[in-house]
Amino acid sequence: MFDRERGWNLSFAGCGFLGVYHVGVSSCLQEKAPYLITEATKIYGASAGALNAAALVCGSCMAQCCSDVMDVAKEARKRNLGPMHPSFNLVKILKNGLYRNLPENAHELASGRLCISLTRVSDGENVLVSEFGSKEELIQALICSAFVPIYCGIIPPTFRGVRYVDGGISNNLPEYELKNTITISPFSGESDICPRDNSTNFHELRVTNTSIQFSLANLYRLTRALFPPEPKVLGEMCQQGYNDALRFLKDNSMFHFLILSSCVKSS
């Protein structure tokens, strides 16, 4: 568990369409323990986790984020090959949504607080970026972090003249090893906020820093990360994110900490 005296970070795992789980977690934190967001030193993210982290840092409406994920999933499900259909341009959809939903000063809000995980094409190394000169530059970094080769296209996008792809390929849960980082993942495993499957299997797989327990439920989640289920199931995943975050706050006496913090500020 993180040390409150030293401050804390938040880190959201990459997970494709399961990013709706992050929306549920974020909604709970905003409602029940907003200080965990506003006072976090940095908010990290890879791929879909980076998109959610950007929304949090920029104060975007989580209800709108959930609605956007649902709309994209519905569009993908209309086609025979789902998101793999040639007429489905995920990059264009994401870019339009980011330009529409992020404020004009998004890069100023994000610089120094938001940290995006990228995978450099030339050598496969992980790069974490946290400074952005413009809203367009911030959006380009987010697009690079979410770009899954073949799935999103053939030619990788660029950030400051360098080609990058999905940050989850090289580091799917940035700074997971730091005790003061609260890790969030839609896969059952060792993350601080994640589903708790009723499984007797204690074996786990670590995929680019993300702990994933061997279970049928996780296998299902993995298949749905790139090929979204029906909206009803996505809604249930969002609700589970909310519930799992609520459990984390209760288990770690975060509500008590919030009350004490409020008393100190008012005195």
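Helix 7 covers residues 135-146 of this predicted model. Its twelve residues should span 16 Å at 1.5 Å a residue, and its end C-alpha atoms are 17 Å apart, which agrees. Nine of the twelve residues are buried, so helix 7 is largely enclosed by the rest of the structure. The buried positions are Lys135, Leu138, Ile139, Ala141, Leu142, Ile143, Cys144, Ser145 and Ala146.

At one end of the list of buried positions stand Lys135 and Leu138, both of which are touched by histidine 107. Histidine 107 lies in helix 6, residues 106-110. Leaving out residues up to four places away in sequence, the set touched by histidine 107 is Phe132, Gly133, Ser134, Lys135 and Leu138. The relative accessibility of histidine 107 is 14%, and because buried means under 20%, histidine 107 counts as buried.

The other part is serine 47, in the loop between strand 2 (43-46) and helix 3 (48-57). Serine 47 is in contact with Ser145 and Ala146, and also with Gly14 and Asp166, when neighbours within four places in sequence are left aside. Ser145 and Ala146 are themselves among the buried residues of helix 7. Cysteine 144, another buried residue of helix 7, is 97 residues from serine 47 in sequence, yet their C-alpha atoms are 8.1 Å apart in space. With a relative accessible area of 7%, serine 47 is buried.

The backbone at serine 47 also deserves a look: its phi is positive, about 55 degrees, although the residue is not a glycine. Arginine 160 likewise has a positive phi of about 55 degrees without being a glycine. Arginine 160 sits in the loop between strand 5 (158-159) and strand 6 (162-166). Asp166, one of the contacts of serine 47, falls within the range of strand 6. A further positive phi, near 55 degrees, belongs to serine 253, which follows helix 9.

Helix 9 runs over residues 231-251. Its 21 residues should span 30 Å at 1.5 Å a residue; the end C-alpha atoms are 30 Å apart, which agrees. Its buried residues are Val233, Leu234, Met237, Cys238, Gly241, Tyr242, Asp244, Ala245, Leu246, Phe248 and Leu249. An α-helix has 3.6 residues a turn, so residues three or four places apart point the same way. That spacing can be followed in helix 9 through Val233, Met237, Gly241, Ala245 and Leu249, which are among the buried residues.

These elements belong to a protein chain with ten helices and nine strands. For 267 residues, a compact globule would have a radius of gyration near 18 Å; the chain has 18 Å, which agrees. Along the principal axes, its C-alpha atoms fill a box of roughly 60 × 45 × 35 Å. Buried residues account for 51% of the 267. Of the contacts between residues at least 6 apart in sequence, 68% join residues at least 24 apart.

Methods. Residues are numbered from 1 along each chain as its sequence is written. This is a predicted model: local features need pLDDT of at least 70, side-chain atom pairs count only at pLDDT 80 or more; totals for chains, interfaces and linings use all residues. Side-chain values use heavy atoms; hydrogens and water are left out. Helices (H or I, at least four residues) and strands (E, at least two) are DSSP runs, numbered from the N terminus. The radius of gyration is taken over C-alpha atoms; the globule rule is 2.2 Å times the number of residues to the power 0.38. Buried means under 20% relative accessible area, exposed over 50%, partly exposed in between (1.4 Å probe, protein chains only). Contact means heavy atoms within 4.5 Å. The expected span of a helix is 1.5 Å times one less than its number of residues.
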